[in-house]
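User: Hi! Could you walk me through this model, one question at a time?

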Amino acid sequence: MKLLPALLLGTALIGVSGFAYGLGHEDRPNIVIIYSDDQGYGDFSLQNPDSKIPTPHLDELARQGARFTDAHSSSGMCTPSRYALLTGRYHWRQGEGIVGSWGGPWWDEGRLTLGQMLQEKGYRTACIGKWHLGWDWSAIRNEQVADRNSPEAWDWSKPVPGGPLDHGFAENTLVIFSSDNGPENIAYERIRNHGHYSMGPLRGLKRDVREGGRRVPFAIRWPGVIESGTVSESLIGQIDIMATIASIVGYKLPDTAAEDSYDLLPYLLGEAETPGRDTLVHRTWGEPWGIRHRDWVYINASTGALQNEPDWLGHEATPHDAVLNRLDDDLGQQQNLVEARPNKAAELEAMLEEIRARGYSAPRLMND
Ligand SMILES: [Ca+2]
């Protein structure tokens, strides 16, 4: 067993190494999750032909594996999305909001995490970069802080030799790349100043209960296992990573863990036609709750916006108590169909309430 060190600036990187699903110990993959902060759907140049921000290395990584164009973070914000990724559970079952600069751990007692699960299977784990799930700061407080190494002492634009890629880790390594939410609201100024659409063709930014707030880049590279060059339009969520990796490493999840996580492995291996997920709840904070069901989006408030859109965007207001969009006709969520399709709105409202009240939605728990 080897510890996989890795570093990517501006991201959290969760690296684990050890052994995998139905395979001999030697064949079990190292697992690396590269988790960008606030990188929007259109900040991944492979899926934005007009991007002004090239991402050639991420593009190449995605070409070597499977890319998902309808993949979602749990929230439009940092902390809750990270919680959901690491637990396979909707964050709002635990709490809302983000951890402040000196905030404590954002965890429910006894909650199984991805890291703990993998450690039980013999993996060694590490998180490098942004965590944003709180710490017990009192344990390390030092009033005499002075000397720190300056980041300017290093040229971070160069690759660091002697690292994992130089020591054989790329050969049997599963890499997942995604982002914790849509782009920050400076994205509107980037449109005006540079013609770059960080949200791509979607409506909304970070925080918003709209596709642009939480439909994010997502790619999985696993050479020799996942076919390269695959592009999937199927709906998935980052909460599905937990059950998928559990399946890969042969871990039987208890009923009290990963309550909203779908196992994507059969789909990734080409053994299932779909990932099996057709519904996903959208939630950041405040009034609006949203739900995706197939191509439909329902929001139980007059708008999914948690911040104002500039007038010059020319988007229509939605003068109703709720919002209903049909993405196959209207990916940009401009047309509110709530009055035209009241039965569909009621169906999705009931579905949303049911998932919220039930406490879980993972298929393995629904079959009980
Ligand atoms: Ca973020």
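Analyst: Happy to! Helices (H or I, at least four residues) and strands (E, at least two) are DSSP runs, numbered from the N terminus. This is a predicted model: local features need pLDDT of at least 70, side-chain atom pairs count only at pLDDT 80 or more, and totals for chains, interfaces and linings use all residues. Residues are numbered from 1 along each chain as its sequence is written.

User: How many residues of helix 2 are buried?
Analyst: A residue is buried if 20 or more other C-beta atoms lie within 10 Å of its own, exposed if 12 or fewer, and partly exposed in between, with C-beta atoms placed from the backbone. Helix 2 covers residues 78-87 and is mostly covered. Its buried residues include Cys78, Arg82 and Thr87.

User: Which helices do the buried residues of helix 2 pack against?
Analyst: Contact here means that the C-beta atoms of two residues, placed from the backbone, lie within 7 Å. The partners of helix 2's buried residues are helix 3 (114-120) and helix 6 (240-249).

User: Is Gly97 buried or partly exposed?
Analyst: Gly97 sits in the loop between helix 2 and helix 3. Its C-alpha atom is separated by 9.5 Å from that of Gly286, 189 residues apart along the chain. Because Gly97 has 14 C-beta neighbours inside 10 Å, it counts as partly exposed.
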